[in-house]
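Here are my notes for a colleague who is meeting this structure for the first time. Please read them with the model open beside the text.

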Amino acid sequence: MSAALPTGPPTAPSTAVRFNLVDPTATPESLSRRYRAAIDMAAFADDRGIGTIQTEEHHGAVNGWLPSPLTFAGTVFGATRQISVTVAALLAPLYDPLRLAEDIAVLDLLSGGRLVTVAGLGSRRAEYGAHGKDWRWRGKLQDEALETLLAAWTGEPFGYRGRTVRVTPRPYTQPHPPLYVGGGSRPAARRAARLGLPMFLNAHLPRLAAYYRARCAEYGTAGHCVMPAPRTPVLHLSEDPDRTWATYGQHLLHEARVHASWQAPPARSGAHPPVSDVDALRRQGRYRVVTPGECVELAGSLGDGGRLVLHPLCGGIPVEEGWSSLHLFASAVLPKIGAAPAP
């Protein structure tokens, strides 16, 4: 999306390193070290042409799930030169819309257009309650947030809650910073199409992608849809996957279980089905520990539009093990594949 992103062969998968800074046993001191390690890893990824750092937002989680993705993104930008940061997803209804417009504009200027924001509704009522927001009005809150962002980023005065306001400075990226509507529902697709915004699907949903394109035609808007492949595993690299599963599988299981526990009706996500134990998680294939050779094979099978997502600190994996995974990816996988720009 940004001209600053690296390019690669047309059939190369894109590459991402994911951080949510989860650690269920962390102390403030150990979590500080983990945060600083993530920034160092982002700089390492940037130097080696990895396409994006992917992060996300959750609040009040006992395992420390990152609640401030924009602050994290800004720190990454200060340590890097070309890598993008994709926030997937930012819980836009929880923010003051004017302040959110200012914060994203500043990050867009600071990074030269490297921030990609995926605005989502989230799936946890508790997060809305903690921030004084009514879950029942999440759709209207999302509409207001997105409409305010688009109006604010013009730099011109506009009407907001019965008064005229103006947001400055204008962003670096024109007509506005990269902004997607995230989700997996028809209301999200209609919202994106009505506003002329691209759609970022949370699972492989070709029927919803077609519905979005039909609504774009109906509204007379132009847009595109980013949809993950049918199976887009989260990856950890190891020379001995059996040993790694035995040693660190509980960390992967922790994240999978927490995410699945948040998918209560009406929320749903095909990417995070419930799982019982480490062996079941391994069989499921959503989280994969692979050798460098297996990762190269996987990259070849993904082809154009596929994505390799490395998750080096997943579920509280020790920092040293995270570095080992990232070094293997950089030294034994990247030289053998292209690096396509991330969407």
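1. A charge is said to sit over a ring if NZ of Lys or CZ of Arg is within 6 Å of the ring centre and within 35 degrees of the ring normal. By that rule the charged end of Arg48 sits over the ring of Phe44, at 3.6 Å from its centre, and Arg138 lies over the face of Trp135, at 4.0 Å from the ring centre.

2. Some conventions come next. This is a predicted model, in which local features need pLDDT of at least 70 and side-chain atom pairs count only at pLDDT 80 or more, while totals for chains, interfaces and linings use all residues. Residues are numbered from 1 along each chain as its sequence is written, and side-chain values use heavy atoms, with hydrogens and water left out.

3. On the chain as a whole, there are 11 helices and 12 strands, taken as DSSP runs numbered from the N terminus (helices are H or I with at least four residues, strands are E with at least two). The C-alpha atoms fill a box of roughly 60 × 45 × 40 Å along the principal axes. With 343 residues, a compact globule would have a radius of gyration near 20 Å, and the chain agrees with this at 20 Å; the radius is taken over C-alpha atoms, and the globule rule is 2.2 Å times the number of residues to the power 0.38.

4. Of the 343 residues, 56% count as buried, where buried means under 20% relative accessible area, exposed over 50% and partly exposed in between, with a 1.4 Å probe and protein chains only. Among contacts between residues at least 6 apart in sequence, 75% join residues at least 24 apart, a contact being heavy atoms within 4.5 Å.

5. β1 and β12 run parallel and are joined by 4 bridges, with Leu308 in β12 as the bridge partner of Thr15. The parallel pairing of β10 and β12 rests on 2 bridges, and Val234 stands opposite Val309 in β12.

6. Strand β12 (residues 307-310) is covered on both faces, as Arg307 and Val309 on one side and Leu308 and Leu310 on the other are all buried. In the loop between β12 and α11 (319-333) lies His311, which counts as buried because its relative accessibility is 2%. Leaving out residues up to four places away in sequence, His311 touches Arg18, Asn20, Val234, Leu235, His236 and Glu255.

7. A search of the whole structure finds 6 aromatic pairs; rings of Phe, Tyr and Trp (its six-membered ring) pair if their centres lie within 6.5 Å, with planes under 30 degrees apart counted as stacked, over 60 as edge-to-face and the rest as tilted. One of them is edge-to-face, because the rings of Phe19 and Phe72 have planes at 65°, with centres 6.2 Å apart. Phe19 lies in the loop between β1 (14-18) and α1 (28-47) and Phe72 in helix α2 (residues 69-79), so the pair ties together parts that are 53 residues apart in sequence. Phe19 and Phe72 are both buried.

8. The rings of Trp65 and Trp262 have planes at 55° and centres 5.0 Å apart, so that pair is tilted. This pair links distant parts of the chain, 197 residues apart, with Trp65 in the loop between β2 (52-55) and α2 and Trp262 in the loop between α8 (241-261) and α9 (278-284). Trp65 and Trp262 are both buried.

Key:
Two strands pair if DSSP finds at least two bridges between them.
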